[in-house]
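User: I would like to go through some labels assigned to a structure and the criteria behind them. Please set each value against its cut-off.

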Amino acid sequence: MKSPNNAGPEPVAEGTEGSGLAKGNLRQQNVPRTPSRNGAPSALERVRQAAKRDKKERFTALLHHIYDIDRLRTAYLALKREAAPGVDGETWRHYGEKVEEHRHDLSGRLKRGAYRAKPVRRVYIAKTDGRQRPLGVPVLEDKIVQRATVDVLNAIYETDFLGFSYGFRPGRSQHNALDALYTGLLTKKVNWVLDIDIRAFFDTIDHEWLVQFVEHRIADRRVVRLIQTWLNAGVLEEGKRTRVEEGTPQGGSASPLLANLYLHYVFDLWVQAWRQTHATGDVIVVRYADDIVLGFQVKSDAEQFWADLTERFRKFHLEVHPEKTRLLEFGPYAADHRRKRGLGKPETFNFLGFTHICGKKRSNGRFTVRRQTIRKRLQAKLNAVKTELRRRMHDPIPVVGTWLRAVVGGHIRYYGVPTNSHALHIFRFQVGRLWHRTLSRRSQNGRVLWDRLRRLLDRWLPPARVCHPYPLRRLGVIT
């Protein structure tokens, strides 16, 4: 069999010469002649194709995909092994001792409508600004059902969500959002940046509006009631159960999807229409969950958008934070314009752990965006390392070194972007300095010489290096 000289409009893979098709046969078959999993689209793939084919179709039968035995097992295996238990104290490992029995029981309760969600356990984690962020820890079975439900609903909503939405979506990450923002700032006519902060977003999601948004696509009342049981399960804090009328607790598998769904209808579709009908210049949008950054060519567009967005959010019980939301001059001409007005350097803004700064390339002096680790994030991480090193003071050096290798390596893998190498070297150096101080305090005469410390650092700490390509290069490969 050989390829013809000219395959014509058909794909080359289909243009190879060989035995022809029998008269009346279809050019392509959806499934092979013999029964096989290869070639037959999966159940969720058929759902995805139907959702993509008709954007207004409402799905009436989805619950059987959720209580599928294999899907529940996959959801269980996808959970974190060492995650904190919920109010019932059930852990991943203990549940796994009888996982087959448990998942059949769970599937049966979901099928006959006997499944009931338990309240989430409220915990708090410290934020970089000193405040406490509330998190909800669901029980293990609720995590499993939520994970299975998200897998099913993603088959529908991933065909609806827009391209500038990046948060908590399959195949998308923080660096995809950072690349899109960087590329938009360099390739579009952006002179002003609007950095939007939504006040207590996860705690103010309106349940009634959320259910209405779900019902735009989901007509299976059993699935809708399943989501409502999680919303109405309440919070257990200090032994008291509190029923919440709004918000979706952070920490569950369903919360990111529900939050994305809420902002898809409240913000994404609206801003897409606003950009087409109201903007007089270029507008770029990048959203990662509730972190939103927009770029505008014209200042009046940005000011009008801010006012319109405030009214839009008020309708859906959301609020633009008046102090944290900022409009700042940013772009290739920002430095010159501010200099002429007698002002200082262009302001900076933070997004996904990085401070974005107006800069110039060393090679040709053209405008670029410098991204550096947020100082508060860097200092907070070093403080956490310092605290943990104190706790591990008398652990063997290989044990501590292995842990520090994971910490420094993870930091470098996330923050290792071009123009941020200085911050990477500072982080690695400061970690080494903290380790040196801890080792020297292990005994009264335990001073560690710098030559020995240098050998330890070379052995255990990964080198500070840029491990991400320039965004324009990466996006060029992806697209």
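Predicted model: local features only at pLDDT ≥ 70, side-chain atom pairs only at ≥ 80, totals over all residues.

User: Why is the pair of Trp209 and Phe213 called stacked?

Analyst: Rings of Phe, Tyr and Trp (its six-membered ring) pair if their centres lie within 6.5 Å; planes under 30 degrees apart count as stacked, over 60 as edge-to-face and the rest as tilted. The structure holds 20 aromatic pairs. For Trp209 and Phe213 the centres are 5.8 Å apart and the planes are at 25°, so the pair is stacked.

User: Where do Trp209 and Phe213 lie?

Analyst: Both are in helix H9 (residues 207-215), 4 residues apart, about one turn of the helix. Helices (H or I, at least four residues) and strands (E, at least two) are DSSP runs, numbered from the N terminus.

User: What makes Phe213 buried or exposed?

Analyst: Buried means under 20% relative accessible area, exposed over 50%, and partly exposed in between (1.4 Å probe, protein chains only). Phe213 has 4% relative accessibility, so Phe213 counts as buried. Trp209, at 23%, counts as partly exposed.

User: How do you know that Phe330 and Phe367 form an edge-to-face pair?

Analyst: The distance is 6.5 Å centre to centre, with 80° between the planes of Phe330 and Phe367. Phe330 lies in the loop between strand S8 (326-329) and helix H13 (334-340), and Phe367 in strand S11 (residues 367-373), so the pair ties together parts that are 37 residues apart in sequence. Phe330 counts as buried because its relative accessibility is 0%; Phe367 counts as buried at 17%.

User: How do you know that the charged end of Arg172 sits over the ring of Tyr166?

Analyst: A charge sits over a ring if NZ of Lys or CZ of Arg is within 6 Å of the ring centre and within 35 degrees of the ring normal. The charged end of Arg172 sits over the Tyr166 ring, 4.7 Å from its centre.

User: What is the phi of Ala200, and what makes Ala200 partly exposed?

Analyst: Phi of Ala200 is near 45°, a positive value in a residue other than glycine. Ala200 is in the loop between strand S3 (192-197) and helix H8 (201-204). Its relative accessibility is 38%, so Ala200 counts as partly exposed.

Definitions and conventions. Residues numbered from 1 in each chain as written. Heavy atoms only, no water.
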